[in-house]
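Please give a short account of this structure for someone meeting it for the first time.

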Amino acid sequence: GLLGYVVTNPNFVEESAAEMAHYYQYPNFVGAKIHAEYARTATGSPQMAALFAEIAKHGRPVKIHNHGPDWLSALRDLARKHRNLPIILAHGGGWGTGPFIRDEPNIFLEYCSSTSIHGQIQEGLRSVGEDRILFGTDQDLFDPGYAFGKYHDAGMTEAQAEKVMYTNAKRLYNLT
């Protein structure tokens, strides 16, 4: 019953492409994940551009932990190049991210983290709307109740919470 990501690495584009081809045969692999900092590869690097091109071929969402100078602009450029690729920004990016990506409809914000910064989820809701916010927990790294509390404290309406906590992921991952 668990769903997962295929972990990809911009330093190993061919190997990442092979991993996606292999694991996407199974219905429980719903997207790709990139840890740019672990890979020590900037979001704006040529390697990342090559990896995004491979990921986009599959049409499944990618969740990215960004890295490097001006990573937010680099991510926006990747989103513009791959308009049909849903991109999930891990940890929501930080203050000002929502307003910066407002006009990039394929970038989604997900706010799981080890810290709780009051107002970030509300900023995302105001900037990009409840259709582009996803609930995340980083389970089993953190207790899911901790993440749930952060989203609960954002003061969402029942309709907003339904989308953020359930409907958006169902739509994004093509779940029935």
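Threonine 8 touches Ser16, Met20, Ala32, Lys33, Ile34, Leu51 and Ile55, leaving aside residues up to four places away in sequence. Contact here means heavy atoms within 4.5 Å. The model is predicted: local features need pLDDT of at least 70, side-chain atom pairs count only at pLDDT 80 or more, and totals for chains, interfaces and linings use all residues. Residues are numbered from 1 along each chain as its sequence is written, and side-chain values use heavy atoms, with hydrogens and water left out.

Threonine 8 sits in strand β1, residues 4-8. Helices (H or I, at least four residues) and strands (E, at least two) are DSSP runs, numbered from the N terminus. Is threonine 8 buried or exposed? Threonine 8 counts as buried because its relative accessibility is 5%. Buried means under 20% relative accessible area, exposed over 50%, and partly exposed in between, with a 1.4 Å probe and protein chains only. The bridge partner of threonine 8 in β2 is isoleucine 34.

## The sheet

Six strands make an open sheet. Their order is β1-β2-β3-β4-β5-β6, and the pairing is parallel. The edge strands are β1 and β6, each of which pairs on one side only. Two strands pair if DSSP finds at least two bridges between them.

How many bridges join β1 to β2? There are five, and the two strands run parallel. β2 and β3 also run parallel, joined by four bridges. Within that pair, lysine 33 stands opposite lysine 63 in β3. β4 and β5 pair in the parallel sense over three bridges. Isoleucine 88 has phenylalanine 108 in β5 as its bridge partner.

## Covered strands and a packed helix

β2 is mostly covered, with seven of its seven residues buried. β3 is covered on both faces. Val62 and Ile64 are buried on one side, and Lys63 and His65 are buried on the other.

Helix α3 spans residues 71-81. Its buried residues are Leu72, Ser73, Ala74, Leu75, Arg76, Leu78 and Ala79. What do these buried residues pack against? Their partners are α2 (46-58), β3 (62-65), β4 (87-89), α4 (97-101) and β5 (107-110).

## Arginine 132

Arginine 132 lies in the loop between α5 (120-128) and β6 (133-134). Arginine 132 counts as buried because its relative accessibility is 9%. Leaving aside residues up to four places away in sequence, arginine 132 touches Ile101, Arg102, Glu104, Pro105, Ile107, Phe108, Leu109 and Asn168.

The side chain of arginine 132 has a polar atom 3.0 Å from the backbone oxygen of arginine 102. A polar atom of that side chain also lies 2.7 Å from the backbone oxygen of glutamate 104. A polar contact is a pair of N or O atoms within 3.5 Å; within protein, one must be able to donate a hydrogen and the other to accept it, and residues adjacent in sequence count only if both atoms are side-chain atoms. Proline 99 is 33 residues from arginine 132 along the chain, and their C-alpha atoms are separated by 13 Å.

## Two loop residues with positive phi

Most residues other than glycine have a negative phi. Arginine 40 has a positive phi, near 55 degrees. Arginine 40 is in the loop between β2 and α2. Its relative accessible area is 75%, so arginine 40 is exposed.

Aspartate 70 also has a positive phi, of about 50 degrees, although it is not a glycine. Aspartate 70 belongs to the loop between β3 and α3. Its relative accessible area is 56%, so aspartate 70 is exposed.

## The largest pocket

The largest pocket has a volume of about 910 Å³. On a 1 Å grid over the protein atoms alone, a pocket is an open set of points where a 1.4 Å probe fits, with protein on both sides within 12 Å along at least five of seven lines; lining residues have an atom within 4 Å of a point. A volume is the space filled by probe spheres set on the points.

The lining of the largest pocket has 26 residues, and Leu3, Tyr5, Phe135, Thr137 and Tyr173 lie nearest the centre. β1, β2 (29-35) and α7 (158-172) each supply at least two lining residues. α7 gives the most, with five. The lining divides into 15 nonpolar, six polar and five charged residues. Ala, Val, Leu, Ile, Met, Phe, Trp, Tyr, Cys and Pro count as nonpolar, Asp, Glu, Lys and Arg as charged, and the others, Gly among them, as polar.
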